[in-house]
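Please look through the structure below, and follow it part by part as the paragraphs lead from its sheets to its helices and back to its strands.

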Amino acid sequence: MTSNPIKVGIIGVHPDKGWATTAHIPALKALPQFRITAISHNKKEIADASALKFGADRGYVTTDELVNDPNVDLVVVTVKVPHHLELVTKALWAGKSIFSEWPLGMNLRDAEAMNALAKQKNKFTAIGLQTRSVPAIGFIRDLVRDGYVGDVLSVSIIGSGIIWGEEINESYLYTLDMTNGASMLHVPFAHTLDATLFALGSGLKSVGGALSNSRSMVRVAETGKQVPFTAPDQIVVSGLLENGAALSAHFRGGLSRGTNFHIEINGTKGDLILTSPVGYVGLGGFTVRGAQGDEQVHELQVPQTYDKLGIEDGFSQSVGIAYSRIASDMLAGTHLSPTFEDAVNLHRVLDVIGSGNGERRDV
């Protein structure tokens, strides 16, 4: 362990389930630059059990206790999106650095408010756009930067939302309400778009989109009850990159019997293709293929150097690499991690797409 590890307090930890337990804690345990000193849960017995299991110094019932603990440097927010504004605001007023899961807020207005407060308090912020940390994405980013495809002409994306299909678990019912900011548009599509733009080293000049429902009802897995499908299960987007290259994307709910995840970059000298058997970019299982000139498309092995931590492919791998970049930023003054400012920019793009009229606008 480093002599002065970053002391971490995690809001929303259950000893046996949840995103913090699945992704964040295994990643933090793999990195000596961090030490988990506090966790919280709104039930005392669960907070105590989590603290015991994960070796935290304290298990708290309230957020106020955790954010005001002097033994916490970095507050990690891993709970559902509707709670982010309240919890991030409390942590910033307590003078803590923040790592919040994406989406930052339920909407652009909330994200802008948190970003403004972070700037006012001059605090370090990081946003959970950890798909940027996927080794395959880093590999493609370097290939594009080094001229593998030449000038980028177009980018095409196909994706599947997995859970926004004909059946949904009760725990995900809140994602059917667009105002909660956790729909297919806000989560798998946003992660995919952000990772694609990161790999290209480019932003969007303009974008437009249309949202629709192919399904009017969805079946609840646990009960079989049919409930209204109020969030879009079809997302169609077109845009132009800063260099004028075209971008097109189609995300559909559920899973396809055909293509579930495909990003294709076409350039003047070559092409790059990223695929996965599952629809969500964070799940792993990626294959990178490419070709230049007269070559046939062939697999390009991702060098091991893109995963120096040795964490198994999946959520913890990308989250772990994201944490290693946060450690570098906080301890060495680098600027490797996406920030609340990046989150606001992505929220702004989603805001334009979510207008649903298909008209392309500058972003």
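Val8 stands opposite Leu74 in β4, and this pair belongs to the place where strand β1 (residues 6-11) runs parallel to strand β4 (residues 74-77), joined to it by 4 bridges. Helices and strands are named here from DSSP runs, numbered from the N terminus, with helices being H or I runs of at least four residues and strands being E runs of at least two, and two strands are said to pair if DSSP finds at least two bridges between them. The model is a predicted one, in which local features need pLDDT of at least 70 and side-chain atom pairs count only at pLDDT 80 or more, while totals for chains, interfaces and linings use all residues. Residues are numbered from 1 along each chain as its sequence is written, and side-chain values use heavy atoms, with hydrogens and water left out.

Strands of a sheet pair through backbone hydrogen bonds, either parallel or antiparallel. β1 and β4 are part of an open sheet of 6 strands with parallel pairing, whose order is β3-β2-β1-β4-β5-β6. At its edges stand β3 (58-60) and β6 (125-128), each of which has a single partner strand, so one side of each is left without a neighbour in the sheet. From one strand to the next, the twist of this sheet averages 25°. Axes are lines fitted to C-alpha atoms, for helices over the stretch in contact, and angles run from 0 to 180 degrees between N-to-C directions. Helix α8 (residues 315-332) lies across β1, β2 (34-40), β4, β5 (97-101) and β6, and it runs at about 150° to β4.

Two packed helices are described by the angle between their axes and the distance between the axes. For helix α7 (residues 185-200) and helix α9 (residues 340-354), the angle is about 120° and the axes are 11 Å apart. α7 and α9 are therefore oblique to each other, given that angles under 35 degrees count as roughly parallel, over 145 as roughly antiparallel, 65 to 115 as roughly perpendicular and the rest as oblique. Where they meet, Leu185, His186, Phe189, Ala190, Leu193 and Asp194 of α7 are in contact with Leu346, Val349, Leu350, Ile353 and Gly354 of α9, contact meaning heavy atoms within 4.5 Å. Sorted by class, this contact has 8 nonpolar, 2 polar and 1 charged residues, where Ala, Val, Leu, Ile, Met, Phe, Trp, Tyr, Cys and Pro count as nonpolar, Asp, Glu, Lys and Arg as charged, and the others, Gly among them, as polar. α7 is mostly covered, for 16 of its 16 residues are buried, a word that means under 20% relative accessible area, whereas exposed means over 50% and partly exposed lies in between (1.4 Å probe, protein chains only). Just after α7, Gly201 takes a positive phi of about 65°.

Another open sheet has 3 strands in the order β8-β10-β11, with mixed pairing. Its edges are β8 (167-168) and β11 (226-228), each with a single partner strand, so one side of each is left without a neighbour in the sheet. Strand β10 (residues 217-220) runs antiparallel to β11 and is joined to it by 3 bridges, with Met217 standing opposite Pro228 in β11.

The remaining strands can be followed one after another. Strand β7 (residues 152-160) pairs with β14 in the antiparallel sense over 7 bridges, and the bridge partner of Ser154 is Asn266 in β14. Strand β14 (residues 261-267) also runs antiparallel to β15, with 5 bridges joining them, and β14 and β15 form a hairpin with 2 residues between them. In β14, 5 of its 7 residues are buried, and in strand β15 (residues 270-275) 5 of its 6 residues are buried.

β15 in turn pairs with strand β16 (residues 287-292) in the antiparallel sense over 6 bridges, and Thr287 in β16 is the bridge partner of Thr275. In the loop between β15 and β16, is Pro277 buried or exposed? Pro277 is exposed, with a relative accessible area of 62%. Not counting residues up to four places away in sequence, Pro277 touches Asn260 and Gly285, and its C-alpha atom is separated by 9.8 Å from that of Leu255, which is 22 residues apart from Pro277 along the chain.
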